[in-house]
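Please read the points below alongside the coordinates.

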Amino acid sequence: MADTPILMPQLGESVTEGTIARWLKQPGERVEKYEALAEVITDKVNAEIPSPVAGVITRILAPEGATVAVRQEICRIDETGTAAATTGPATESREAVPDEATFANPSAPILPPATTPATPPAATAGAPSSARAAGRYSPAVLKLAQENNVDLSQVVGSGLEGRVTRKDILSYVEKGGPPAGQAGIAAAAAPPAAKDIAGLEPGDEVIQADVVRRRIAERMVQSKHEAPHAWSVVEADVTGLVRLRQAHKDEFKRREGVDLTYLPFVIKAVGESLKEFPWVNSSWNNGTIILKRRIGISLAVATETALVVPVIKDADQKSISGLAHAVADLATRARAGKLTLDDISGGTFTVDNTGSFGSIMSQPIINPPQAAIITFEAIVQRPVVRDDAIAIRSMVNLCLSLDHRVLDGVVAGRFLEAVRRRLESYGPETSLY
């Protein structure tokens with residue numbers, strides 16, 4: 001039997017690793033080509049890994065909760081389809097593989113899972129009540145805890161978000177603490193003790209950041225540390241745009257089935273301006289500047305738990321109507337957790353509609369490795385001087401953050417002015433198609 005190694009795929013540009021959230025297939029199960037193998041979490045999106053081949057899964061080498069580098073082996077598939085089914089619970093196979101610390105070191109050896117069939121887990125009626133309440137323990141963990149009379153609430157877990165593994169229980173029984181070499185992981189996974197947090201008062205709640213939030217934090221810190229940020233703001237008179245949208249939004253919704261928001265107009269103006277100033281559509285890469293030929297507009301979409309950044313590819317080639325459909329589709333699937341790996345790849349410049357929640361000024365953090373990000377702030381009516389007279393106009397701020405390694409103020413300023421010029425040109429004659 002010749003097993004085919006399955007590797008962690010590239011999960012979007014600049015993403016170097018992913019965390020296995022859940023295996024959708026187990027050892028002994030057949031998988032078809034392009035069928036989903038596992039759910040993976042990155043700092044940008046939750047995605048499914050499709051199988052590149054058809055066959056029977058023989059080994060799972062990355063347990064749920066493990067962070068795996070791109071192009072590192074996560075499982076093996078027998079393409080002949082003759083592999084024997086695993087008789088024990090899938091949890092046993094998953095937990096008999098290297099821990100998360102091993103996957104952080106690509107040079108560490110990868111050991112095969114245990115081949116001894118596991119005994120089906122006993123009923124958990126006698127398990128500690130804390131285990132049943134938590135609902136985060138595998139059958140194998142519950143069985144082992146029951147056999148050793150271990151209160152799972154007293155065990156520090158080294159798995160994803162503090163999940164307790166069989167290894168943690170065995171170490172607890174033998175040594176009364178976390179496994180050797182795992183103390184750092186266990187400490188990072190468990191919420192800090194109240195006594196270790198300065199300024200904590202009675203009634204305060206300590207919440208452990210989940211994987212997505214931690215990844216976002218790491219990426220934002222990386223961006224601020226590596227890219228020297230500079231900012232620029234211009235004010236645009238979008239009275240014509242407001243009137244244009246107001247005149248067409250009801251009919252557009254009836255005909256197209258999606259809302260006509262301001263965002264497609266902004267994306268259209270940005271895409272055309274990037275063609276005019278291609279240096280803004282670029283990235284820094286180890287002393288080189290990469291000018292991107294295609295224009296992919298990354299959209300910052302807020303979900304219930306995080307911020308994801310799907311991409312409208314070739315945005316400069318789409319009409320306002322086409323952009324409206326693309327925005328609605330990506331936003332809907334992002335909030336439903338249905339984005340694919342392709343949906344988050346190809347971004348070259350980010351647009352963030354911060355005005356949707358009333359912001360009038362912001363300093364956004366660049367989405368690496370892109371060279372710039374723009375925010376479209378809230379449109380407000382206020383008195384301005386036009387032709388030596390005071391008039392009530394609809395005004396908006398456009399805020400640009402730029403990577404000063406790639407862009408200088410003059411190029412960024414001209415680009416920002418081009419976006420403003422295009423937004424201010426919208427009027428009754430503007431075509432939506």
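**Notes on the predicted model**

1. R76 counts as partly exposed, because its relative accessibility is 23%, where buried means under 20% relative accessible area, exposed over 50% and partly exposed in between, computed with a 1.4 Å probe on protein chains only. This is a predicted model, in which local features need pLDDT of at least 70 and side-chain atom pairs count only at pLDDT 80 or more, whereas totals for chains, interfaces and linings use all residues. Residues are numbered from 1 along each chain as its sequence is written, and side-chain values use heavy atoms, with hydrogens and water left out.

2. R76 is located in strand β8, strands (E, at least two residues) and helices (H or I, at least four) being DSSP runs numbered from the N terminus. Leaving aside residues up to four places away in sequence, R76 touches D3, T4, P5, V56, I57, T58, R59 and L61, contact meaning heavy atoms within 4.5 Å. Between R76 and I6 the C-alpha to C-alpha distance is 5.6 Å, although the two are 70 residues apart in sequence.

3. Which strands make up the open sheet that contains β8? The order is β1-β8-β6-β3, with antiparallel pairing, and two strands are taken to pair if DSSP finds at least two bridges between them. β1 (3-7) and β3 (30-31) are the edge strands, each with a single partner, so one side of each has no neighbour in the sheet. The antiparallel pairing of β1 with β8 (residues 73-78) runs over 5 bridges, and T4 stands opposite I77 in β8.

4. Another open sheet of 4 strands, also antiparallel in its pairing, has the order β5-β4-β2-β7. Its edges are β5 (46-50) and β7 (67-69), each of which pairs on one side only, and the twist from one strand to the next averages 45 degrees. β4 (residues 36-41) is joined to β5 by 5 bridges in the antiparallel sense, with P50 in β5 as the bridge partner of A36.

5. Strands β10 (residues 282-285) and β11 (residues 288-291) run antiparallel and are joined by 4 bridges, with S283 opposite I290 in β11. The two strands form a hairpin with 2 residues between them, and N286 in the turn has a positive phi of about 50 degrees.

6. The axes of helices α9 (residues 263-276) and α10 come within 8 Å and cross at roughly 115 degrees, where axes are lines fitted to C-alpha atoms, for helices over the stretch in contact, and angles run from 0 to 180 degrees between N-to-C directions. In this contact L263, P264, F265, I267 and K268 of α9 meet I320, L323, A324 and V327 of α10. By class, the residues are 8 nonpolar, no polar and 1 charged.

7. The largest nonpolar core has 57 residues, of which V270, I297, F349 and L423 touch the most other members; such a core is a set of buried Ala, Val, Leu, Ile, Met, Phe, Trp, Tyr and Cys residues joined through side-chain atoms within 4.5 Å. Helix α10 (residues 320-335) gives the most to this core, with 8 residues. Another core lies apart from it and has 22 residues, among them I6, A38, V40 and L341.

8. For the chain as a whole, 46% of the 433 residues count as buried, and the secondary structure comes to 11 helices and 19 strands.

Note on methods:
Ala, Val, Leu, Ile, Met, Phe, Trp, Tyr, Cys and Pro count as nonpolar, Asp, Glu, Lys and Arg as charged, and the others, Gly among them, as polar.
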